[in-house]
Amino acid sequence: MQSHTRCLRVLDDSAYNPIQIALLFGNADLTRLALFGIVRVAAEQRAVWVLDGGNSFDAYFVARLARGWGMAPEVVLSRIQLSRAFTCYQMSELITRRLGAAIHPSASATIACLDLLETFYDDDVALADAIRLVRTVAARLGDLAKRGNHILITAREPRAGLRERMVLLDLLKASAQQVERVDAPAPTSTARTVATQRQLVFARGDLVNGTNVTFVYASDFERANRAGEIQACFAARGSGSV
Amino acid sequence: MIVWVIDTEGRAHCLRDTFTPAFFVGGDPAELLAVAHFLIDQGWSVKASRTKRTELFSGHSIGVLQVEVTNLNLFTIIFERLTSAKPRLSYYNGDISLPQMYFFARNAFPLAFCHFVLNGDNRILTLEVDDSPWALDYKLPPLKRMVIRLEGDAINPNHGYRAPLVVETEGATRELNGDDPRALLETLRDLLMRHDPDLIVTDWGDSFILPRLLQMSKKYNIPLPFNRDPSRPPQFRPPHSYFSYGRIVYKTASQVLFGRWHIDRHNAFLTDDYGLEGAFEIARLTQIPVQRVVRTSTGTGISAMEIATAYRRGVLVPWHKQEPEAWKSGLDLVRSDKGGLVYQPVLGLHEDVAEIDFVSMYPSIMARLNVSPETVNCKCCPDNRVPEIGYSICKKRRGLVPETVEPLIRKRVEYKKRIREMPDGPEREVYRRRQSAHKWLLVTCFGYLGYKNARFGRIEAHEAVTAYGRECLLRAKEIAESRGLRVLHANVDSVWVAQDRRPLTADRDGSAAVSGQRSVVSDYDALLEEITQVTRIPIALEGIYRWVAFLPSRQDEKMSVANRYIGVFEEGEIKMRGIETRRRDTPPFVVAAQMEMLQVLASAESCKELKTLVPRVIEIACAYADALRSGQVPYQNLVITKRLSRDPMAYSKDTLLAIAAKELLGSGVELSPGESIQYIITEEHAHAKIDRARPFVHYRGQEPYDAEKYVELLLRAVETVLIPLGVDGSQIAEWVKEGTGEAERAQRDLAKKTVESWGPLFEFAERAKVATR
Ligand SMILES: [Zn+2]
C-alpha cells in the first residue's frame, strides 16, 4: 500500500489538505485500493459518496476490512452512500446533477468515483460524444473540488482495440492534482481457487433446517466469486443475515 | 418504404408505401425554438411541430418538438447531425429502426396476413392487417427455399476448410464445379433466377460464402441476383468483438438481402430448440424483420416489444438511458444486491421426487406484481413494499414492462396447455418450438431490467424482482415442509420435494439401503394451489422423477452444487444439468457414450434396480474405450469446440486451445476473441507443442489422436453417471483398463479430401492468406 498513499491522502480530513482531486489509474484492482481509503474515512465517522461506473463496489470486502479494524461493518457501510451507473449518460447525470444535489453545499464532502471511465469505454458510444461528456464531468468535478470537496478517482486504461479512448484518461489526468499509476502483479493461482468457490453459505436461524443456504448472483456471476470473503465475513460474526 | 409481400399463390411483390417517421426533442421552449430554426437553416425536408408526449418515469405529459422526416434515407443522418449539433437536449425515438417504426405506424408485423389496396404503380393505398401477433394459430406464407453450403462437414471455411459449393433447391442438390469461375457464377445466377427463392439458407454465408461469391461476381463482372431488389447491393456488416457481462463475444460479419431473406445457420440465434418456427414467432411478436431477428439476441427482441408498448401509449423512448441509480447506503446495497435463492441439494440418489417450478418466475413477478422501472419506488404507494428490501411498488399505474410481458406469458401458457393435451406430431412440434422461443424472450426480459442497453431497464426494478423471487421460493419451501414433504433442493424458481426420509445410501456391492417404503406420490395439486395462492405466482409440476441423483462438485466430492444432476421422470424422459453431455466443449464421442449409458440407466424403475445396471454401463464404457484405443473412432467425433477468451497471441500458457489457435494464425487465418475454435488432441504431452493438438480443419485423419487422453475424458463422463451409485473413478479406470479391445489400431477412413485446389471460390481466401503471411 505504501506507494499509493499519496493518492489516498486526498481523503484526509483536513481543511489544509492540498490535494483536491487524485487519480489512480493502471491495471491493478484499483477499487480495492480505493476501498481501503473509503473504509478509513467511514471509520472516522465521516460520510463518503461513492459513484461506481464499473459495478465494482464490494460491500463484503468493506465489511471484512471494517471488522479487521475493529469496527462494526453495519456502521461503516451505513456511512457510505452509493450510486451505480451502467451507461456514460447515467454517469454524467450522476456527476453533473445528482451529486451536487445530494452533498451539503457548505460542508466539505469526501467523494470517490470508482471506475469512472468504464462506461465511457463502451464502443457503442461515439468517441466525440464520450470526449464531450468526460470534459463536462471533469469540469464539474473541478467545480466541486474548488468548493472544498475532496475527490478520489480510479480509472483503468482502455482495452486493446479501444486505444483511441486513451484521450479520455488524459482528460481526467489533466484535471487532477495527484496522479498515480498502479499496476497489478502477475496473477497467481489463488485467485482462481477463490473464483471456483461460488457459494455463500450463511446461517439464518429459520432457514438452516439441515440444508445449506446459498445465494447465487443470477444477474452477476462474477459477484458470486466473492464467496470466500462473504463466508469469512459471517463466520466471524457467528450468525446474521445478509 | 419498400414492402415485400408474398401472395397466397407464393408470388413475391414489391410494394411502396408513403411513411413519415418522426423523432422528438425535449428541452425548454426557447431551446426547442432554436432547434426549429436550426432545422430550417439546414434546408432539410422536415416538418417540425410542437406536441405533447408522456415521459416514462414521471408519467407526466411534456411538451416536445416533433420532427417528421419525409425522406426516409435522411432520417438517421438528420438525427445524427442534430444530436451532435445540439448534444445537451433530450432526444426520443430517434434510434428505433425504420422497419419497426413502419410496423408500429401501420399496426403490422413481419409475416402478418394483410389485405392491400394498391394503385397501378404498386403503391399501397390501404393496408389492413387480418392477423394478430397473439393468434395461437396462423398461416405462414409459402416460402421457396434454397440452401447454399460447402460440401461435407459443416466446418468453418474461414479457418481453412475447403470443399466444392453445393446448392440445394426443392428436391435437387447440385455441386458446382469451381474450375471455371465464370461457369460457376453463371450457373448460380441461373439457379437464383430460375428458382427465385424467398429464403436462402447457408452455412457460413455471412462470413464466407456470400462475400467470396460477391467478390468473384465483381471481378468477372457477372452480377449475382442475391437481392430481389436489383436497385441495392446486399447490406454488409463487418465482424467485431465486444464485451458483454464480463466476457468477450464475437459477432461475425453479416450479409442481409433485400426482397428475400438470407439466414446463415452458423450465425443465427436459432437454437436447435426453436428453429425457424421460433424465429418467425419472435419476428411476429417483436416486429423486428426476420433477417435481423435471427442475427440478434432475444434481449433485443424484448426491448423492441417494450418500445412498441411505449409507442402505443404515446410514451417517449429515450435515446440514452440517463436515470442513474438512486443513492443507497452500503448497507442497503448488501440487502438488495442479491440474486436468486438456492438451497444446496442433498447429495446422492433419491426416489420419487417431484420437481415443482414457478412458471416463468421473474416475468410473472413483473406482470403480477407490477414491477417496472417506473413503478419502483413511486411516491404514491408507500404501503406496497417489496419484502426484504422495502422498495415501494406503484399500485396506481400499470407498468410498461408488465404490460409488455403479460400477454407473452399468457400465450406461452396456452401453447404449453395444447402441447400437454396433443398427441405427438408436426403440429405439436410447431407449438413446442414457439413456446420455446417465448421462453427465451421471457428469460431475457428479466436480464434486461438491469442491462445497460435495456431501454427501459433500471437496477432497482431488477432488485425488486429478485427480492420477490427469493420470497416466493422461501414461501414455497415452507409450505412444502408444512405438508410433511422434505425439500431436497431449491434453486431460484424450482423446488425438489420428496416424502420425508433420509437419502438412499449405496454400498460398493451395489445393494442399496432403502429406508421407508416406496411412496406413491399422489396428488401435488393441493400443494401447488396453496403456493400459488400465497405467492400470487403460478407454480406447476415439472414432473415426478422415478429417481434423481444430485451430483457432487467436480472439485470436492463431498460438496453438492446446484444445477448438476441426472433424473429420470416417470415417463422415462431423462433430464440432466451440468454434466458432460450438456457442455459445448465435450467431444461428440463422449456425448454419445454418456447418452447411451444414461439411456440404460433410464430403464431402471427404482434405485434398487438402478444398481443392477452398473455392469451394463461398464460394458458400454469398455466398448467406447476399445473403439478409441483401436483407432476406430471417426475423427469428426473427437473434435473439441472452445471459445477464445482473448486474442490467441495473448495466451501466455500454451493450452491445447491456444496451440490450435496459434497454428491457425500461422496458416493465415484471422481470429478474433470470442470466436470458437475446433481442435483434436493429437498428443497431449508431446515435447513439441505443435504436436499436442491440431485445428480440426488441418486434421486429415491420417495422424494419430491421443487415444488415452480421450479415454480419460470418457472415464470422467462415466464417473459422473456412476458416482451416485457408489462407484468411484479409480474403480471405473480399473474396469476399463487398456488391453481389453483390439490391440492393433484399425485402418481408418483416410481423409476424403486430398485435393489441393478448390477453385475460384477460395481464390480470394488463398490470396488473403498469402498477403497476411
Ligand atoms: Zn404509486
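1. In this predicted model, strand 7 of chain B and strand 8 of chain B form a hairpin with five residues between them. Asn122(B), in the turn, has a positive phi of about 60 degrees. Strands here are DSSP runs (E, at least two residues), as helices are (H or I, at least four), numbered from the N terminus.

2. Strand 7 (residues 114-118) and strand 8 (residues 124-129) of chain B run antiparallel and are joined by five bridges; strands pair if DSSP finds at least two bridges between them. Leu118(B) stands opposite Ile124(B) in strand 8 of chain B.

3. In chain A, helix 5 (residues 88-102) and helix 6 (residues 127-146) pack with axes 10 Å apart, at an angle of about 20 degrees. That makes helix 5 of chain A roughly parallel to helix 6 of chain A, a term for angles under 35 degrees. The contact (heavy atoms within 4.5 Å) involves residues including Ile95(A) and Leu99(A) of helix 5 and Leu133(A) and Leu141(A) of helix 6. The residues of this contact divide into eight nonpolar, four polar and two charged.

4. Confidence in chain A is given by pLDDT, the predictor's score for each residue from 0 to 100. Chain A averages 76, and 73% of its residues score at least 70. Over residues 187-242 of chain A pLDDT stays under 50; for this stretch the model has 99 contacts beyond four places in sequence.

5. Local features need pLDDT of at least 70 and side-chain atom pairs 80 or more, while totals for chains, interfaces and linings use all residues. Residues are numbered from 1 along each chain, chains are lettered from A and ligands numbered from 1 in written order, and side-chain values use heavy atoms, without hydrogens and water.

Conventions:
Axes are lines fitted to C-alpha atoms, for helices over the stretch in contact, and angles run from 0 to 180 degrees between N-to-C directions. Angles under 35 degrees count as roughly parallel, over 145 as roughly antiparallel, 65 to 115 as roughly perpendicular and the rest as oblique. Ala, Val, Leu, Ile, Met, Phe, Trp, Tyr, Cys and Pro count as nonpolar, Asp, Glu, Lys and Arg as charged, and the others, Gly among them, as polar.
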